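Please look over the chain shown here before reading the notes on its fold, its core and its surface.

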Amino acid sequence: MRSETREWPVLGSLQGYRPAWLRSDLIAGLTVWAVLVPESLAYASIAGLPPVVGLYAAAPALILYALLGSSRHLIVGPMSATAALSAAIIMPVAHGDGGRYIALSTALAICTGIAGLLAALLRLGFVASFISEPVLKGLSSVSP
């Protein structure tokens, strides 16, 4: 029988996982979570949102990447640049209305996610080859 590889395998990053790694991975996961929680709260505040929204954004990203991601070494989470850009885009449009601010931020996140999925479906990853190596290294080494 021929085995087929799927592009987005569920739990694909667990292929070849060794039970001996579990203890170290649990410690690493708790360490990441200990940093991620206050960082997510702060980035939500930078974006002009209630701090708890940072947790709403961080936890699903981690869970979805654990299920669909392809790398055991990648950390997924909010970034300060994303928070600042989100605030810069939403603030002039929201006109100080808190409810509208949250709705617009949610819409921005959904639209960004859809754009990312479309880019993946259209196989636009090659565009990264036009970004200089120092910039790519800087983006890939940013912690959550």
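The briefing below goes from the overall fold to the core, the surface patch and the backbone.

This is a predicted model, in which local features need pLDDT of at least 70 and side-chain atom pairs count only at pLDDT 80 or more, while totals for chains, interfaces and linings use all residues. Residues are numbered from 1 along each chain as its sequence is written, and side-chain values use heavy atoms, with hydrogens and water left out.

**Overall fold**

- The secondary structure of the protein chain comes to five helices and zero strands, where helices (H or I, at least four residues) and strands (E, at least two) are DSSP runs numbered from the N terminus.
- Of the 144 residues in the protein chain, 15% are buried, with buried meaning under 20% relative accessible area, exposed over 50% and partly exposed in between (1.4 Å probe, protein chains only).
- Among contacts (heavy atoms within 4.5 Å) between residues at least 6 apart in sequence, 61% join residues at least 24 apart.
- The accessible surface, from the Shrake-Rupley method with a 1.4 Å probe and, for residues, with only the protein chains shown counting as cover, comes to about 10400 Å² for the protein chain, and 71% of this belongs to carbon and sulfur atoms.

**Nonpolar core**

- A nonpolar core is a set of buried Ala, Val, Leu, Ile, Met, Phe, Trp, Tyr and Cys residues joined through side-chain atoms within 4.5 Å, and the largest one has nine residues, namely Tyr43, Ala44, Ala47, Leu49, Ala83, Ala87, Ile90, Ala94 and Tyr101.
- Helix H1 (22-46) and H3 are the elements that give two or more residues to this core, and H3 gives the most, with four residues.
- Isoleucine 90 touches Tyr101, Leu104, Ser105 and Leu108, when residues up to four places away in sequence are not counted.

**Nonpolar surface patch**

- Ile110, Ile114, Leu118, Leu121, Leu122, Leu124, Phe126, Val127 and Phe130 make a nonpolar surface patch of about 940 Å².
- Patches are made of residues with over 30% relative accessible area and no salt bridge, like charges being joined within 9 Å and nonpolar side chains (Val, Leu, Ile, Met, Phe, Trp, Tyr) within 5 Å; a salt bridge is a side-chain nitrogen of Lys or Arg within 4 Å of a carboxyl oxygen of Asp or Glu.
- Leucine 121 lies in helix H4 (residues 98-121) and is exposed, with a relative accessible area of 61%.

**Positive phi angles**

- Histidine 95, in the loop between helix H3 (80-94) and H4, has a positive phi of about 55° although it is not a glycine, and histidine 95 is exposed at 63% relative accessible area.
- Arginine 123, in the loop between H4 and helix H5 (133-140), has a positive phi near 55° and is likewise not a glycine; arginine 123 is exposed, at 58% relative accessible area.
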